[in-house]
Amino acid sequence: MTNSCNNNRPCTCTYACPRHGKCCECVAYHREHGEGVPGCFFSPEAEATYDRSVEALARDRGIIR
């Protein structure tokens, strides 16, 4: 089964790349490369810290302190 990714959404990520605004491509890229959470998952304030860890995402979403 092949998934197409032709969505283009406003993106809070400040890193300029060819996947900017293409959520499914971005998530797949980060997952494939064992990287942290994509910047678009964070609020603009939290994204600006460049801490892309799961813990930072949980703090940003108010799940942990």
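**Questions on a predicted model**

Colleague: Glu-47 is placed in helix H2, which spans residues 44–47. What makes a stretch of residues a helix here?

Modeller: A helix is a DSSP run of H or I with at least four residues, a strand is a run of E with at least two, and both are numbered from the N terminus. By this rule the protein has 3 helices and 0 strands, in the order α-α-α from the N terminus on. The model is predicted, so local features need pLDDT of at least 70 and side-chain atom pairs pLDDT 80 or more, whereas totals for chains, interfaces and linings use all residues. Residues are numbered from 1 along each chain as its sequence is written, and side-chain values use heavy atoms, with hydrogens and water left out.

Colleague: Why is Glu-47 called buried?

Modeller: Buried means under 20% relative accessible area, exposed means over 50%, and partly exposed lies in between (1.4 Å probe, protein chains only). Glu-47 has 1% relative accessibility, and therefore counts as buried. Buried residues make up 23% of the 65 residues in the protein.

Colleague: Which residues does Glu-47 touch, leaving aside those up to four places away in sequence?

Modeller: Contact means heavy atoms within 4.5 Å. With that exclusion, Glu-47 touches Thr-12, Cys-13, Thr-14, Gly-39, Phe-42 and Arg-52.

Colleague: How many salt bridges does the whole structure hold?

Modeller: The search finds 2. One of them joins the side chains of Arg-59 and Asp-51, at 3.4 Å from N to O. Arg-59 is partly exposed because its relative accessible area is 40%, and Asp-51 is partly exposed because its value is 31%.

Colleague: Why is the meeting of His-30 and Glu-35 called a polar contact?

Modeller: A polar contact is a pair of N or O atoms within 3.5 Å; within protein, one must be able to donate a hydrogen and the other to accept it, and residues adjacent in sequence count only if both atoms are side-chain atoms. The side chains of His-30 and Glu-35 are joined by such a contact at 2.9 Å. His-30 belongs to helix H1 (residues 23–32), and His-30 counts as buried because its relative accessibility is 15%.

Colleague: What makes Arg-19 a charge over the ring of Tyr-29?

Modeller: The rule asks for NZ of Lys or CZ of Arg within 6 Å of the ring centre and within 35 degrees of the ring normal. The charged end of Arg-19 sits over the ring of Tyr-29, at 3.6 Å from its centre.

Key: A salt bridge is a side-chain nitrogen of Lys or Arg within 4 Å of a carboxyl oxygen of Asp or Glu.
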